[in-house]
Amino acid sequence: MRILTWNINGLTSALNYYPWSKKKSHKEMFATMKADIICLQEIKCQPTKLTQDVALVPGYDAYFSFSKTKPGYSGVAVYVKQPLVPLQAEEGITGILNEPKTINPCFKSNNKPTSSSSITTNDCNDNDGGEGYFFDGLMNSPDQLDSEGRCLILDFGLFVLLNIYFPNEAQGDRGYYKADYHACVRRRIDDMLTNGRQVILVGDLNAIHEPLDHFKSTHGWPVVGDTVFQASVYRHWLNEIIYPKGPLIDTCRNFHPQRKGMFTFWKSVTNERPRNFGVRLDYILVSEGLGSWLKAADILPELFGSDHCPVYIDLYDIVESSVQGTKCLMDLLSTEQSKNKNKNKGKGNMTTASVNISIKNKYKSANESRYSNLLAKNFAQFSGSQKRLDQYFSTVVCPKNTKKSTDQKIDQ
């Protein structure tokens with residue numbers, strides 16, 4: 001199974017690049033990637049201008065989050081290859097956009113909800129001593145943080161997938177926005193891990209982790225331990241979330257610890273890609289509990305379509321464990337087949353990674369995800385619920401004599 005992430009810098013503009021330019025088809029593009037879950041950032045489109053060939057790619061279910069403040073800005077999408085079906089799909093990092101509109105109980109609010117539809121497992125421990133509330137310490141409200149279409153969270157049972165386009169570095173108000181956003185991501189991930197979930201964080205993190213991830217390192221700067229290089233607060237944030245200091249494994253570095261030139265972004269204005277003068281901004285980070293499933297991880301710099309290149313991980317189909325025996329990946333993921341397989345059993349292969357809910361509720365959630373307002377086939381223009389212009393006007397049938405009289409008048 002392959003999970004792929006790519007800052008595509010425009011969902012439709014990518015088709016202008018070879019080899020996609022030949023057929024102008026997202027189906028062909030996805031077939032080349034050979035991925036089961038495709039996570040895209042910076043899609044730069046609006047729901048009203050989303051075409052059917054982009055939204056309904058054969059063989060995939062597509063989930064979208066669009067910017068609500070700047071049309072055609074930012075935005076993320078996840079294409080899930082059938083028969084995979086997420087148990088739950090959620091928009092935004094704070095939980096404020098969920099239906100019903102409630103904040104994840106892990107994020108304290110002055111009016112703590114009694115229940116939440118957001119992806120979590122149990123009630124979170126009150127780490128704030130009952131006094132301070134998480135959002136009270138931020139400069140931006142949850143509505144502001146989730147207004148730009150930067151995050152989709154999908155629960156696949158074995159793991160929770162976060163596809164995020166992190167804000168770029170900036171000063172002033174945007175600097176506060178970026179800092180608040182990073183704080184929410186870390187808090188959300190910590191809450192999931194505390195509650196026994198496994199996490200996969202993918203996307204454009206807009207931060208360079210190590211000197212090896214910068215093309216200038218081949219020219220002697222930056223070097224390991226460089227205080228100027230390490231001074232970036234967001235590089236520090238990334239360093240604190242990546243193993244060994246943090247809970248998540250940097251998959252590409254896990255498989256290629258000393259590889260030079262493993263970059264994912266190049267400045268297109270100065271055409272830096274042919275010389276490989278780039279940096280690494282795009283990552284797939286996984287929690288340690290998923291380590292045994294990791295088969296491979298790498299970048300795909302040969303695939304064009306953006307100023308970034310795709311990054312992917314491959315997971316084993318089967319894992320042998322001396323304690324738990326043989327584990328099959330597809331049995332632990334939410335799929336249409338596994339739903340039907342377990343429908344009449346009343347029980348399933350439940351683990352601590354599968355939300356600690358009954359198999360009945362688990363597949364009830366999978367059914368509910370099919371009606372998600374984030375799923376493209378449920379959008380009004382694709383579901384048949386959107387009225388055509390002619391439906392707003394009554395059809396008038398002219399009697400024969402009236403038509404004849406009209407025709408005579410025209411002849412005259």
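Predicted model: local features only at pLDDT ≥ 70, side-chain atom pairs only at ≥ 80, totals over all residues.
Local features need pLDDT of at least 70, side-chain atom pairs count only at pLDDT 80 or more, and totals for chains, interfaces and linings use all residues. Residues are numbered from 1 along each chain as its sequence is written, and side-chain values use heavy atoms, without hydrogens and water.

Reader: How many salt bridges does a search of the whole structure find?
Author: A salt bridge is a side-chain nitrogen of Lys or Arg within 4 Å of a carboxyl oxygen of Asp or Glu. Side chains of opposite charge can pair when their charged atoms come close. The search of the whole structure finds 17.

Reader: Is aspartate 61 buried or exposed?
Author: Aspartate 61 meets lysine 377 in a salt bridge, at 3.6 Å from N to O. Buried means under 20% relative accessible area, exposed over 50%, partly exposed in between (1.4 Å probe, protein chains only). Lysine 377 has 33% relative accessibility, so lysine 377 counts as partly exposed. With a relative accessible area of 8%, aspartate 61 is buried.

Reader: With which residue does arginine 197 form a salt bridge?
Author: The closest N and O atoms of the pair are 3.0 Å apart. Arginine 197 is buried, at 1% relative accessibility.

Reader: What is the angle between α4 and α6?
Author: Angles run from 0 to 180 degrees between N-to-C directions, with axes fitted to C-alpha atoms over the stretch in contact. The two axes are 11 Å apart. The helices pack at about 5°.

Methods. Helix = DSSP H or I, 4+ residues; strand = E, 2+ residues; numbered from the N terminus.
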